[in-house]
Amino acid sequence: MEIWQKNLWVLWFGTFVASASLTMVIPFLPLFLIDIGVRDNTEMWAGLLFSSTFLASSLSSPYLGSLADKFGRKKMIIRAGIVLFVVFTLTSMVTNPYELLALRVLHGLLAGYIPAVIALVGTNTPENKVGYALTTISTATASGRIMGPLLGGGIAHLFNNRAAFVSAGVLILLSTLLVILLVKEEKIGESKGRSSVFEAFKIAASNRSFSMILILTAFVSISVMTIEPVISLYVVEIGGAAGDASLLAGFVFSLVGIAGIIFAPFWGRLADKVGFRHVLVIGLAGGAAGNLFQMAFHNIWGFAIVRFVYGAFFCAVIPALNGMLVRNTPSDFRGRAFGLNNTASQVGNMIGPGIGGAIGAAFTTHVIFAATGALLAGSAMLAHRLTETNRPEAAAAGITQAK
């Protein structure tokens, strides 16, 4: 087995564990607030806990990316793993919402496990295997998101929510130890200095394709987070009993992830043959059509089938964007590139729920589907204008010169 293949499967497991660890505890934060005695303004505290992490991550990601470019992506994975272990362990001990908020901010500022994994895989994989490798990591993320709530809910049921946090920390620590022992980074960036957040954005602005990728990443995150908060309500609206809404909504959510696990390898192999841009356009167009078709179904089973088909196409988008990032940035800027990409994603995560809530309050859920479909259709047209090259050093000459 070649080094890149060995790295890939170790990092697949690490990404799966990281994704599962997050979803083991994140959905249960509102319940955890009750456990620590919060009785008033619970919704406000829950929103603050989520948004603070997104905001902190959006600000720190470019700086963490610059550290990856200077010291190597493997070290950043290890650092992030240790941070997550400490944060989850300390979270299990909190006694008030202020301590919990401080740890959530610390999580956002210092973590970045999965972006570091993607940067290492994108930099240390042969050019003709990058698509396959990135979609493999994508399946790990999707698998973790599906299994995490089940595992976290089971542990919380058998023990308590504090035990779920401790378990998440231990799992992260074990996966980090595997990275330390088994992953070998052959291509470490040659960046000699670190850039500020503003400087990194200025450098990125000099590369038209890279700037478009950041915009697309934000649009994709907005499209996802605009829909997610209203899924459970829509399930009730189209015929699911309110008492079963959580179960049915979880089932609908999981279908998208299951479709991703099944179809992502196909898109990765196709990207290695025809290019990431073509796959990105197909994935965005399929996602747009999927959102629009969801308006036509008014029963839970028809809606679930359309969500599965939507997931089969949309799972191509994130790996293709990551692949385009690899194609359009030099290796010594790769850490900052994925850091900036994570910033764009987190900004979309913050904006999306507000847009979805505003549209839902003023109109109907169908209008949210229509707006999201239109956003993805526009994104597909923007992606069609992207350029792709197999020579990222040449394609990113603007970035190199700007540095």
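## Aromatic pairs

Let's start with the rings: nine aromatic pairs turn up in this structure, which is a predicted model. Take tryptophan 45 and tyrosine 98. Their ring centres sit 5.2 Å apart with the planes at 90 degrees, so this pair is edge-to-face. Tryptophan 45 belongs to helix 3 and tyrosine 98 to helix 5 (residues 97-110), so the contact ties together parts that are 53 residues apart in sequence. What about burial? Tryptophan 45 counts as buried because its relative accessibility is 10%, and the cut-off for buried is under 20%. Tyrosine 98, at 59% relative accessibility, counts as exposed.

Next up are phenylalanine 210 and phenylalanine 333. Here the ring centres are 6.1 Å apart and the planes are again at 90 degrees, so this pair is edge-to-face too. Phenylalanine 210 is part of helix 10 (residues 208-227), while phenylalanine 333 sits in the loop between helix 15 (317-327) and helix 16, so the pair ties together parts 123 residues apart in sequence. Both phenylalanine 210 and phenylalanine 333 are buried. There is also a cluster to look at: Phe266, Trp267 and Phe313 are linked by ring pairs.

## Cavities

Searching the whole structure turns up three cavities of 30 Å³ or more. The largest cavity holds about 160 Å³ of space. It is lined by 18 residues, and those closest to its centre are Leu64, Gly65, Gly112, Pro115 and Ala116.

Which elements give two or more residues to that lining? They are helix 3 (42-71), helix 4 (73-91), helix 6 (113-123) and helix 16 (334-362). Helix 3 gives the largest share, with six residues. By residue type, the lining of the largest cavity splits into eight nonpolar, nine polar and one charged.

Helix 16 has 29 residues, which should span 42 Å at 1.5 Å a residue; its end C-alpha atoms are 42 Å apart, so the two values agree. Helix 16 does bend, though: the angle is about 25 degrees at isoleucine 351, and a proline, proline 353, follows within four residues.

Helix 13 (residues 276-293) is built from 18 residues, and from its first C-alpha to its last it reaches 25 Å, close to the expected 26 Å. Buried residues in helix 13 include Phe276, Val279, Leu280, Gly283, Leu284, Gly287 and Asn291, and Arg277 is also among them. As background, residues three or four places apart point the same way because an α-helix has 3.6 residues a turn.

Where does threonine 387 sit? It is in the loop between helix 17 (365-384) and helix 18 (392-395). With a relative accessible area of 44%, threonine 387 is partly exposed.

Definitions and conventions. Residues are numbered from 1 along each chain as its sequence is written. This is a predicted model: local features need pLDDT of at least 70, side-chain atom pairs count only at pLDDT 80 or more; totals for chains, interfaces and linings use all residues. Side-chain values use heavy atoms; hydrogens and water are left out. On a 1 Å grid over the protein atoms alone, a cavity is a set of points where a 1.4 Å probe fits but cannot get out, and a pocket is an open set with protein on both sides within 12 Å along at least five of seven lines; lining residues have an atom within 4 Å of a point. Grid points are joined across faces, edges and corners, and a volume is the space filled by probe spheres set on the points. Ala, Val, Leu, Ile, Met, Phe, Trp, Tyr, Cys and Pro count as nonpolar, Asp, Glu, Lys and Arg as charged, and the others, Gly among them, as polar. The expected span of a helix is 1.5 Å times one less than its number of residues. The bend at a residue is the angle between axes fitted to the seven residues ending there and the seven starting there. Rings of Phe, Tyr and Trp (its six-membered ring) pair if their centres lie within 6.5 Å; planes under 30 degrees apart count as stacked, over 60 as edge-to-face and the rest as tilted. Buried means under 20% relative accessible area, exposed over 50%, partly exposed in between (1.4 Å probe, protein chains only).
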